[in-house]
Amino acid sequence: MNKFLFFLITLFCISCNQIQYGEKNEIGYNYYFNSISGENSNIGTKDNPLKTLDFLDNINLEEGDKIFLANGSTFNHTINLINKNRIEISNYLFDDYSKIPTINSKGKIAAVFIENSSDININNIEIIANGGGANKLLHKKLKTDLRTGLLYLVTNQKVYKNLDISNIKIRDVFFEDPGFIRAKKEVRTPNGTQSYGWGIRVLNLSEKGNLENISIKNSSFQNISHSAIRFIGKRENQFNNLKILNNKVFKSGGPGMVFNSCKNLLAKNNDIDSTGSTDDSRKWGRGSGLWTWGSSYALITQNSFQNA
């Protein structure tokens, strides 16, 4: 047999044996996960969902792909979106379960970790992360270990756009396990020197890269070790076009919201209560409702701040 023909036949057979996971949508594929009824031997359709989020390591996410988590489910792995564009994470109805799905990122750096990605939409999920201590792996550009509900990093010189977060619940996020007691002097440091839990944290770790068009709305943050929402950008290259709307923050251990080096910020109709909470020894124990520095063109209006 001709060697080239043999090669083509072999290649065809290999391609036929490859499994296509998920269901086709208008652009990419929908991948369904259900911790109650799913199995990782399934193909990830709505009728035959996968079980655990670590199976995403076997799937090469492409533009237009969507990750759907079943109501009533609880998952224990991080969703990693690194150099991915146009990806959505959301929920879907399953039986009579009304509770949105939960990702428990205890002992993980984040429930959703995003790096250098555009057009990311996350909605209708709950995130918890009550301790776990040091992460097995720490990103090489991070100086301090941390735990977050959602972590976004800009680490190269490109400009990324469109991070849309809505209708999510983030609660009980701590780096240390219950019982850990911080030294009294820790609260007198500018932002804390130890590792903490954060709700949503967005960091620009590049020289010229950036993230633009960011929306966080209709979400709740409760019982967070440090800040509920915290942006740290670059003075010479500010995060641009932020809309922080209709969110609730309750009992964060640090400030409710912090915007460092941001431009064109609208913070409106947010309810921020009991920041700087000291009801858990793992919390930082100091913080205003909202504050900015190194930022410009910010409108902060019709918010409620109480019990700081």
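Me: In which sense do strand β8 and strand β11 pair?

Reply: This is a predicted model, in which local features need pLDDT of at least 70, side-chain atom pairs count only at pLDDT 80 or more, and totals for chains, interfaces and linings use all residues. Residues are numbered from 1 along each chain as its sequence is written, and side-chain values use heavy atoms, with hydrogens and water left out. Strands are DSSP runs of E with at least two residues, and helices are runs of H or I with at least four, numbered from the N terminus; two strands pair if DSSP finds at least two bridges between them. Five bridges link β8 (residues 110-115) with β11 (residues 147-154), and the sense is parallel.

Me: Which residue in β11 is the bridge partner of Glu 115?

Reply: Strands of a sheet pair through backbone hydrogen bonds, either parallel or antiparallel. For Glu 115, the bridge partner in β11 is Leu 153.

Me: Which strands are the edge strands of the open sheet of seven strands?

Reply: The order in this sheet is β5-β8-β11-β14-β17-β20-β23, with parallel pairing. Each edge strand pairs on one side only, and these strands are β5 (79-82) and β23 (290-293).

Me: Why is one side of β1 and of β24 left without a neighbour in the sheet?

Reply: These strands belong to an open sheet of 10 strands with mixed pairing, in the order β1-β2-β3-β6-β9-β12-β15-β18-β21-β24. Both β1 (23-24) and β24 (296-301) stand at the edges, so one side of each lacks a neighbour, as each has a single partner strand.

Me: Which residue in β6 stands opposite Ala 70?

Reply: Strand β3 (residues 66-70) and strand β6 (residues 85-92) run parallel and are joined by five bridges. Opposite Ala 70 stands Tyr 92.

Me: Is Ser 252 buried or exposed?

Reply: Ser 252 lies in strand β19 (residues 248-252). Buried means under 20% relative accessible area, exposed over 50%, and partly exposed in between (1.4 Å probe, protein chains only). Because its relative accessibility is 0%, Ser 252 counts as buried.

Me: Which backbone oxygen does the side chain of Ser 252 reach?

Reply: A polar contact is a pair of N or O atoms within 3.5 Å; within protein, one must be able to donate a hydrogen and the other to accept it, and residues adjacent in sequence count only if both atoms are side-chain atoms. At 2.9 Å, the side chain of Ser 252 reaches the backbone oxygen of Gly 254.

Me: How many strands are there in the chain?

Reply: Buried residues make up 52% of the 308 residues. Besides one helix, the chain has 25 strands.
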